[in-house]
Amino acid sequence: MSSDGTDVRVDYSRVFTQAIDRLHSEGRYRVFIDILRNKGAFPNARCFAGHNGPKPITVWCSNDYLAMGQHPKVIAAMEDALHDVGAGSGGTRNIGGNTHYHIDLEQELADLHGKQGALLFTSGYVSNEATLSTLAKILPGCVIFSDELNHASMIAGIRNAGCEKRIFRHNDLAHLEELLATEDPAVPKLIAFESVYSMEADVAPIAAICDLADKYNALTYLDEVHAVGMYGARGGGISEQEGVADRLTIIEGTLGKAFGVMGGYIAADQTIIDVIRSYAPGFIFTTSLSPVLVAGVLASVRHLKASSAEREGQQTSAALLKTMLSEAGLPVMLGETHIVPVLVGDPVKAKRISDILLAEYGVYVQPINYPTVPRGTERLRFTPGPSHTPEMMRELTDALVEIWSRLELRRAA
């Protein structure tokens, strides 16, 4: 009741409907298409978009960068584990959910990054959120210095830590040092950043950031999710490729991108691993990864430590697609990584291009809109892999050229 006795009720349905309507009006409403990948034939898949049965499509936006989710060794390892121990883990790691598969994988991941230990999580998002929020609570008065383009999971972890934070301009070393220099030398400090920024397709100056961390007595936290498996002689990421892994306090990675399965992890010295294992709610109170998934990742990590063929094939594909798109006058955002973004700059147009590609050309790529990227920088994000052929790339390039002309979109200068 209101103060005048009127019966006032909240129209919950209206509030929720308006929230969705706002996304539609801004061109940011996300649509998940109904597809199935064809085992052993990636990037070929089939899409259930209508009433005439599945339609063959080519996937261009998967984060399974090396198609390891299709690798015979990975599938066989998962099948063997399923028939050996069953499907689920049985609980959290401290209540029935710890298996020899988990222990083996943590040892492999620690070895991958040259660290004393590693800790598994159910996703890369959880590993970032749980670790960052816990670290800052353990360190009294901690200040976290965060790159402005850090992933949402890192931002969530920093926010949930409840600590002071300083945001430095993307990859701007001068700005980072300016912020570090203003802090009390006695205050604990942590610099959180990524190696490969997946929407910008650029790379952080890791060694230079480590230099600043040394100078100002700060810890470092590197998110390598878009680089593990992809770079370095054994797939240890950009930090391995540049020979600086030993200088980083914590390296975080995912098991759901280049390694092709699911999960996340951190690698660090044994004391830090023990602290996160013992204090992080996101680890303690979550059912552990299924041993079937862990077995698959274990096979993938071991394979990519020994084989560079997948990495080399992927880099070749990425370079070729960048060249084709650039020569065709399309606004490809050229970078030094395996990710190939094409700038559109409008959410409605980005969605329109995506829809035409799928409906008329059998090409699947999702539009990337705000809040994943800033407004006005909406784009299509292509992730060519070792199995994308030059013919597929030529067909994609021709399709984009036709659509750009049809919609009268601006071409590259």
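**Entry 1: a pair in α13.** I started with Asp355 and Lys351, which sit four residues apart in helix α13 (residues 347–361), so about one helical turn separates them. Helices here are DSSP runs of H or I with at least four residues, strands are runs of E with at least two, and both are numbered from the N terminus. Asp355 and Lys351 form a salt bridge, with the closest N and O atoms 2.8 Å apart. That term means a side-chain nitrogen of Lys or Arg within 4 Å of a carboxyl oxygen of Asp or Glu. Asp355 is partly exposed at 34% relative accessible area, and Lys351 is partly exposed at 22%. My cut-offs: buried is under 20% relative accessible area, exposed is over 50%, and partly exposed is in between (1.4 Å probe, protein chains only).

**Entry 2: ground rules.** I noted that this is a predicted model, where local features need pLDDT of at least 70, side-chain atom pairs count only at pLDDT 80 or more, and totals for chains, interfaces and linings use all residues. Residues are numbered from 1 along each chain as its sequence is written, and side-chain values use heavy atoms, leaving out hydrogens and water.

Entry 3: How many salt bridges does a search of the whole structure find? I got 19. In one of them, Arg166 pairs with Glu183, and their closest N and O atoms are 2.7 Å apart. Arg166 is in strand β6 (residues 164–168) and Glu183 in the loop between α6 (173–181) and β7 (189–194), so this pair ties together parts that are 17 residues apart in sequence. Is Glu183 buried or exposed? Glu183 counts as buried, at 14% relative accessibility, while Arg166 is partly exposed at 23%.

Next I checked Arg406 and Glu402, a salt bridge with closest N and O atoms 2.9 Å apart. They are four residues apart in helix α14 (residues 390–406), so about one helical turn lies between them. Arg406 is partly exposed at 36%, and so is Glu402 at 29%. I also found Glu108, Asp111, Arg234, Arg302 and Lys305 joined into one network by salt bridges that share partners.

**Entry 4: the cores.** A nonpolar core is a set of buried Ala, Val, Leu, Ile, Met, Phe, Trp, Tyr and Cys residues joined through side-chain atoms within 4.5 Å. The largest one has 54 residues, and Leu105, Leu109, Ile191, Phe193, Ile206 and Leu255 touch the most other members. Leaving aside neighbours within four places in sequence, I saw Leu105 in contact (heavy atoms within 4.5 Å) with Leu120, Leu255, Val294, Val297, Leu298 and Val301. Apart from that core lies another, of 35 residues, including Val59, Cys61, Ala350 and Ala399.
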